[in-house]
Amino acid sequence: MILQAQKCVFLLHDRRAGELFAHPPAFGLNDDELRALRLRDNQGLSGAVFQSGKPIITTDFLNDPRAEPTILAVLKARNGACVPLTVERRDEENRVVERKVIGVLHVFDKRYGGCFGEEDLQLLSVLSRNAAAVIANARLFYQVIAERDRIEATLDSLAAGLLLVSTNGEIMLLNPSAAVILGLRD
């Protein structure tokens with residue numbers, strides 16, 4: 001809304017598939033359109049921004065040779081701006097020590113017949129840095145949850161009883177086999 005865009009979408013990088021795919025939330029696109037937005041990470045404007053880490057403004061998608069035809073068919077956009085979703089890691093002195101592009105953020109069709117400009121691009125870049133940090137933290141959280149679930153499933157499937165006791169004598173972990181051995185479960 002700040003940029004007066006009619007559509008906005010995040011394309012996140014799937015490292016294994018080498019693709020960028022649309023991910024909710026999105027504005028101005030339905031679920032079917034979101035599912036259709038998937039392309040190689042080196043294709044079209046999105047791929048160019050992802051690969052270079054540099055933002056792009058286009059005032060005429062239909063005549064821009066970098067535009068991907070299948071994406072144009074889904075979006076039916078006239079103009080747009082695209083910026084990388086970049087996560088930065090900094091050292092103690094706040095110097096950037098690592099920079100990683102995890103996707104791109106697109107806005108399309110500026111309202112009232114206008115086109116996106118440099119001021120829009122600067123604002124979109126600030127928004128994308130904040131969004132990238134949130135996305136990276138959420139991904140990390142879900143990785144930790146998945147690892148915890150995998151470890152719990154492994155411990156629960158052990159035929160041997162496993163009992164973990166803290167230094168103050170509290171039972172911290174008791175797998176199902178240990179519960180049966182101790183007569184706590186049938």
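Which residues lie nearest the centre of the largest cavity?

**Before you start.** This is a predicted model, in which local features need pLDDT of at least 70, side-chain atom pairs count only at pLDDT 80 or more, and totals for chains, interfaces and linings use all residues. Residues are numbered from 1 along each chain as its sequence is written, and side-chain values use heavy atoms, with hydrogens and water left out.

**Stop 1: the sheet.** Select the strands (DSSP runs of E, at least two residues, numbered from the N terminus, as are helices, runs of H or I of at least four). Six of them form an open, antiparallel sheet in the order β3-β2-β1-β6-β5-β4. Strands count as paired if DSSP finds at least two bridges between them. Now colour β3 (38-40) and β4 (56-58): these are the edges, and each has a single partner strand, so one side of each is left without a neighbour in the sheet. From one strand to the next, the twist averages 25°.

Zoom in on β2 (residues 19-27), which pairs with β3 in the antiparallel sense over 3 bridges. Here F21 stands opposite R38 in β3.

**Stop 2: two helices on the sheet.** Show α2 (residues 44-52), which lies across β1 (5-14), β2, β3, β4, β5 (80-90) and β6 (96-110) and runs at about 155° to β6. Next show α4 (residues 118-157), lying across β1, β4, β5 and β6, at about 50° to β5. Axes here are lines fitted to C-alpha atoms, for helices over the stretch in contact, and angles run from 0 to 180 degrees between N-to-C directions.

**Stop 3: the cores.** A nonpolar core is a set of buried Ala, Val, Leu, Ile, Met, Phe, Trp, Tyr and Cys residues joined through side-chain atoms within 4.5 Å; buried means under 20% relative accessible area with a 1.4 Å probe, protein chains only. The largest has 22 residues, and V9, L11, L37, F61 and L75 have the most contacts inside it. Its largest share, 4 residues, comes from α3.

Select L11: beyond its neighbours within four places in sequence, its contacts (heavy atoms within 4.5 Å) include L20, L37, S46 and H106. A second, separate core of 17 residues includes F21, A81, L85 and A131.

**Stop 4: the cavity.** A cavity is a set of points on a 1 Å grid over the protein atoms alone where a 1.4 Å probe fits but cannot get out; lining residues have an atom within 4 Å of a point. Of its 15 lining residues, S46, F61, I71, L75 and H106 lie nearest the centre.

Key:
Buried < 20%, exposed > 50% of the residue type's maximum accessible area, 1.4 Å probe, protein only. 1 Å grid on protein atoms, 1.4 Å probe; cavity = no way out; pocket = protein on both sides within 12 Å on 5 of 7 lines; lining within 4 Å.
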